[in-house]
Amino acid sequence: MTIFRDAFSRRFCWATLLPLFCLACDGVSRPDDTLGLQSSARWEWHGHLVVEPDSTLTLVRMTIDTAHGGHDVGLARYDFNPAVGEGDEYSLTLALDLEAVRDLRQNAPYALGPPPARIPAYGTVTCLCRPLRPDSVRGTFTLATRGLRQITGRVDATLYFTEWNDAARHVTYSLHQRIDLVK
């Protein structure tokens, strides 16, 4: 009698707990993701990315212009704090021009970067370091879901920068994370 009771309790346990474990796995996040916190996200249906360098202030401004129509564009910011109290905190801002997001297939990686990449991408870094000028973003974007007000996906990219006053010095930052863009 106890054999049947043990078998029943094991089956009941797996039938009840397995769906809960599956809900915890979103399919977009991975154990080896970078440890950034996405602090802002914006998705516009009819916009253009505006990327303007300002050499007098040694910075690059990235915004979304919705006044003249355009495509699906997204802007997301990730904050990193690898060592508390060390002063090496930084933030990465990633801008994506998805063109027509409804044309993207789910779970298919699309190349990020300058042409011939499918998705043009731009990045900036904010840190307590020498001013950095963005060079390029290279990697992939994978669309997980697209709803009426949110895009969920995954970014696996490297952001390349050059020091503003010394073109011989280059810096790279990795971004391997889930991305949520909200309308």
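Trainee: How many disulfides does this predicted model come to by the rule?

Mentor: The count comes to one disulfide, formed by Cys127 and Cys129.

Trainee: What makes Cys127 and Cys129 a disulfide?

Mentor: Their sulfur atoms are 1.8 Å apart. The cut-off is within 2.5 Å, so the pair qualifies.

Trainee: Why is Cys127 called partly exposed?

Mentor: Cys127 has 23% relative accessibility. Buried means under 20% and exposed means over 50%, so Cys127 falls in between. Cys129, at 38%, counts as partly exposed too.

Trainee: How do you know that β1 and β2 pair?

Mentor: Pairing needs at least two bridges, and seven join β1 (residues 37–54) to β2, so they pair. The two strands run antiparallel, and Leu49 stands opposite Ile64 in β2. They form a hairpin with four residues between them. In that turn, Thr58 has a positive phi of about 50 degrees.

Trainee: And what joins β4 to β6?

Mentor: Seven bridges again, with β4 (residues 90–99) and β6 running antiparallel. The bridge partner of Leu94 is Gly123 in β6.

Trainee: What makes β2 and β6 the edges of the sheet?

Mentor: The open sheet has five strands in the order β2-β1-β3-β4-β6. β2 and β6 each have a single partner strand, so one side of each is left without a neighbour in the sheet. The twist averages 40 degrees from one strand to the next.

Trainee: Which residues make up the covered face of β2?

Mentor: Val60, Met62 and Ile64. The uncovered face has Leu59, Arg61, Thr63 and Asp65. In a regular strand, side chains alternate between the two faces of the sheet.

Definitions and conventions. Residues numbered from 1 in each chain as written. Predicted model: local features only at pLDDT ≥ 70, side-chain atom pairs only at ≥ 80, totals over all residues. Heavy atoms only, no water. Buried < 20%, exposed > 50% of the residue type's maximum accessible area, 1.4 Å probe, protein only. Axes fitted to C-alpha atoms, helices over the stretch in contact; angles between N-to-C directions.
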